[in-house]
Amino acid sequence: MRSGRGEKCPQALPPHLSTPFFGSIRFLSLEFSITILERLVELRLAITILLTNSPPCHHMATKARHELVEVSFDEIPLGQGSHSHHEDIFSDLSARIPSLQPLSSGARAATKAEQKMSLLTGCQLYPKAIFWSIVLSFTIIMEGYDTTLLVSFFTFPGFKQKYGAPDPSQPGNFEISPKWQSALTSSAVVGQIIGLVLNGFLADRFGYRRTILTALVSLCCFISLPFFAVDVRMFLAGQILCGIPWGIFQTLATTYAAEVLPVALRAYVLSSMNICWLVGQLCAVGVVRSQAGNGTEWAYRLPLALQWALAFPIIIGVYFAPESPGWLIRKERPVEARRTLLRLTTSHGDSFNVDEVVAMMTHTNETEKYLGNGQITYLDCFKGINLRRTEIACMIWITQQASFSSSGTYAAYFYEQAGLSVQNSFSLAIGMYGIAIVGAILSWFWMRRAGRRRIYLIGLAASMVILTIAGSIGFLPSTNAQSWALGGLITFLTFIYNLSIGPICYVLVAEVPCTRLRIKTVILARIVYNVASIATNVITPRMLNPTAWNWKGKSCFFFLGFSAVCFIWCYLRLPETFGLSYLEIDILFEKRAKTSKFRELQRHLANRGYFSVPDEVQKPPAMW
């Protein structure tokens, strides 16, 4: 029997091999075989033939495809279709999902327009979307300011005398014990985890605007607790409560920007979230530096009070911000989504059609529902192919901790324990944040040419080299030159981090999840990040504190080992999403695109059209 293309129809698999169990076993064995034995061309070509979607043998090819591994990029025969890949993908999906037929024409046009859009055109069409994304990202500036204050307070004599205990090694001095340092920093993280979990329910139910406004008003109330704290326990309770709105801030600005911006602008605005963190941390260190000579309680109470001044203008800005059109689409409110898109864009002749953009967003939403994302719960993040996407998002943020990103938070304290004076510690910390902002801005330029995966791997490798050198210097005798050498290396490490890992993390973590589960996937990833942060908050003070382990510069070796593990994972598991639309990312994950060749597979699929979507009743076995 032959198909319309003259190809021989593949035979159905034997019944005893058609069970999900055997399908899963064969998937795992073939995946590792393909990874290790790259020369087995015949086997991969056979898989390609099985995956060929010819009409007369469609049912058998589909069944076979469900039980075999994904196709790597060099398995796909090229030049078999005369239509563009956009026409193929939308026509194919419309044939499989009849409800998409009225949307296909507009979705195809909007997708083509987005992928042809230049950076300048994007700025001309979406200036309001950029503006409102920046307004919501001010919440990240506020969180960066808030979370940096506490660790900076550990250097204040007034704070240590109020909440600490006498230091036996230095009579007359006070020190916050490592136990209470860990408890104070970790308490804020515990509050953030609570806020993140609540955020998943609140944002999906009430939208982005109302959730952020509620969090801002709550924070203004909770700040009074640490401000008026009479002992360390009261201060700790205030940190937990303040952490709840901080947890809400951590993800909503990122997911909002990911939903209101086109592909051409997505990476720039999402990576700027890292700059917002740096600006907040820089402001905190600058304010604390101005109080370095103040031995009274106002040295730490004044920086806390400034949070009220920061919150008020942000509340006004968020109140007037439009709701996310993606959230409105998921709530089956396309008319409101259209109205919101008009608020987010500026008309420039025929270069923008709001109805086509609404059709594209609705098309992606309906496709994801068909692919198994009909429900929007935390449990769905661990089902089927979404498990792989959740794993990637979580590990991306864990890698931030591995690369000693806490060096920014603990910068002043690290410099002080390395041997610098309090004033010099804060001065060097301010310079470090300034250099970090420069690195984050420079990342915009090479982000246009290099892929996300490549930048992430290069940044990790460079960080490991710097950590090795800094850890080695930590074994030298403590001198003024050694202290400044360590300070300089940590500053350079921060520059490399913010040139690569820091900004790219926000881009990847927003692009990898499917649109329907984006909020919850990013929240789960941030929760994992905060759990890793608790671990580093417990270990780092002990490594630096003179009354505990007193490792000083040698603590870099701990993060070196942590980074090496994450580098191996990134090399094996981190896919490339550079230049892809959300629909393309969805289908590539559904096709189980090989990690190291994610971008190449997309490029070859573009030449011949995507394979048809599997039948809803014949889902392949769930896997990572």
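Residues are numbered from 1 along each chain as its sequence is written. Because the model is predicted, local features need pLDDT of at least 70 and side-chain atom pairs count only at pLDDT 80 or more, while totals for chains, interfaces and linings use all residues; side-chain values use heavy atoms, with hydrogens and water left out.

The secondary structure of the protein chain comprises 28 helices and two strands (DSSP runs numbered from the N terminus, with H or I over at least four residues for helices and E over at least two for strands). Of its 624 residues, 60% count as buried; here buried means under 20% relative accessible area, exposed over 50%, and partly exposed in between, with a 1.4 Å probe and protein chains only. Contacts are defined by heavy atoms within 4.5 Å. Among contacts between residues at least 6 apart in sequence, 81% join residues at least 24 apart.

Two helices were examined for their length, the expected span being 1.5 Å times one less than the number of residues. Helix α10 (residues 208–222) has 15 residues and should therefore span 21 Å, which agrees with the 21 Å between its end C-alpha atoms. Its buried residues are Tyr208, Arg209, Thr211, Ile212, Leu213, Ala215, Leu216 and Leu219. Helix α26, with 18 residues, reaches 25 Å from its first C-alpha to its last, close to the expected 26 Å. In α26 the buried residues are Cys556, Phe559, Leu560, Ser563, Cys566, Trp569 and Cys570.

A search of the whole structure finds 15 salt bridges, each being a side-chain nitrogen of Lys or Arg within 4 Å of a carboxyl oxygen of Asp or Glu. Glu332 pairs in this way with Lys369, their closest N and O atoms lying 3.4 Å apart. This pair links distant parts of the chain, 37 residues apart: Glu332 is in the loop between α15 (325–330) and α16 (334–344), and Lys369 is in helix α17 (residues 354–370). Lys369 counts as partly exposed because its relative accessibility is 26%. A salt bridge also joins Lys369 to Glu366 (3.4 Å, N to O); both residues lie in α17, three residues apart, or about one turn of the helix. Glu332 has a positive phi of about 60° although it is not a glycine. Most residues other than glycine have a negative phi.

Another salt bridge connects Glu391 and Arg573, with the closest N and O atoms 2.7 Å apart. Here, too, distant parts of the chain are linked, since Glu391 belongs to helix α18 (residues 386–402) and Arg573 to helix α26 (residues 556–573), 182 residues apart. Glu391 is buried, with a relative accessible area of 12%. Elsewhere, salt bridges that share partners join Lys162, Glu297 and Arg301 into one network.

Helix α22 (residues 452–473) and helix α24 (residues 501–511) have axes that come within 10 Å and cross at roughly 145°. Such axes are lines fitted to C-alpha atoms, for helices over the stretch in contact, and angles run from 0 to 180 degrees between N-to-C directions. In this contact, Arg452, Ile455, Tyr456, Gly459, Leu460 and Ser463 of α22 meet Ile501, Ile504, Cys505, Val507, Leu508 and Glu511 of α24.
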